[in-house]
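Dear colleague,

Please find below the structure that I am handing over to you.

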Amino acid sequence: MLDSTTIKMLLEGIRDTLYMTLGSTFLGYVFGFPMGIILTVTGRDGIRPNAVIYKIFDVIANIVRSIPFLILLILMIPFTRFVVGKSYGSTATIVPLVVCAAPYIARMVESSLKEVDSGVIEAARSMGASDFAIVFRVMLVEARTSLIVGATIATGVILGYSAMSGTVGGGGLGDIAVRYGYYRWEADMMIITVVLLIILFQVFQTIGMKIAGKLDRRK
């Protein structure tokens, strides 16, 4: 079964899965990280409460997160085609993955920053620190372990979503699992792709948790 052609296909599937997962995670943080900071800062207990701004981003995050990824993937086909010129393949899948991941990441960032001891923030404020300094030199530094753990969890979730995109030709291991494991009823190929996805997930989790452990000041 594992001839040279099959091995090459699986290696390409791993490559595409890593491309989609890591690319979507990076771009998800480009949009989601600032969004999480804004939600934290403008929240009721934030350093600059603003109900209007908070509500706008809160509603956006809740709406996007409430839509199942597979449905969002289909709904975004016209937009995806407009952005990348096609609605299938690994590059096209990154578009809905980013849209889905950004609000999720924003909530993870918001949760991490809210864990920072208010006493530390008040101490920084009493020493004349600006809002910018409080966010980037105090809150982000104090929450770095939690932020890394959140990034690890987010990467694992996006990996699962990338595999799900295989149902509509998204590419990667998910696409191989659907084409061979579902349409052709080749159970052995399905098992191989699942095992590979589990391995990738464990690699992401191990690396992320080791980094978080090294940054944890409590140890």
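**Salt bridges**

Asp-58 and Arg-107 join their side chains in a salt bridge, 2.3 Å from N to O (a side-chain nitrogen of Lys or Arg within 4 Å of a carboxyl oxygen of Asp or Glu). This is a predicted model, in which local features need pLDDT of at least 70 and side-chain atom pairs count only at pLDDT 80 or more, while totals for chains, interfaces and linings use all residues. Residues are numbered from 1 along each chain as its sequence is written, and side-chain values use heavy atoms, with hydrogens and water left out.

Because Asp-58 lies in helix α2 and Arg-107 in helix α5, the pair ties together parts that are 49 residues apart in sequence (helices are DSSP runs of H or I, at least four residues, and strands are runs of E, at least two, numbered from the N terminus). Asp-58 is buried at 11% relative accessibility, and Arg-107 is buried at 15% (buried means under 20% relative accessible area, exposed over 50%, partly exposed in between, with a 1.4 Å probe and protein chains only).

Arg-107 also forms a salt bridge with Glu-110, at 2.8 Å between the closest N and O atoms. Glu-110 in turn meets Lys-114 at 3.1 Å, N to O; these two residues of helix α5 are four residues apart, about one turn of the helix. Glu-110 is buried at 5% relative accessible area, whereas Lys-114 is exposed at 52%.

**Pocket and cavity**

The largest pocket has a volume of about 380 Å³ (on a 1 Å grid over the protein atoms alone, a pocket is an open set of points with protein on both sides within 12 Å along at least five of seven lines, a cavity is a set where a 1.4 Å probe fits but cannot get out, and lining residues have an atom within 4 Å of a point; a volume is the space filled by probe spheres set on the points, which are joined across faces, edges and corners). Of its 20 lining residues, Thr-40, Asp-45, Gly-46, Ile-47 and Lys-114 are the closest to the centre. Helix α6 gives the largest share of the lining, four residues.

The largest cavity holds about 30 Å³ of space. Its lining includes Tyr-29, Met-108 and Gly-150.

**Aromatic pairs**

What is the angle between the planes of Tyr-29 and Phe-33? The planes are 35 degrees apart, a tilted pair with 6.3 Å centre to centre (rings of Phe, Tyr and Trp, the last by its six-membered ring, pair if their centres lie within 6.5 Å; planes under 30 degrees apart count as stacked, over 60 as edge-to-face and the rest as tilted).

Yours sincerely
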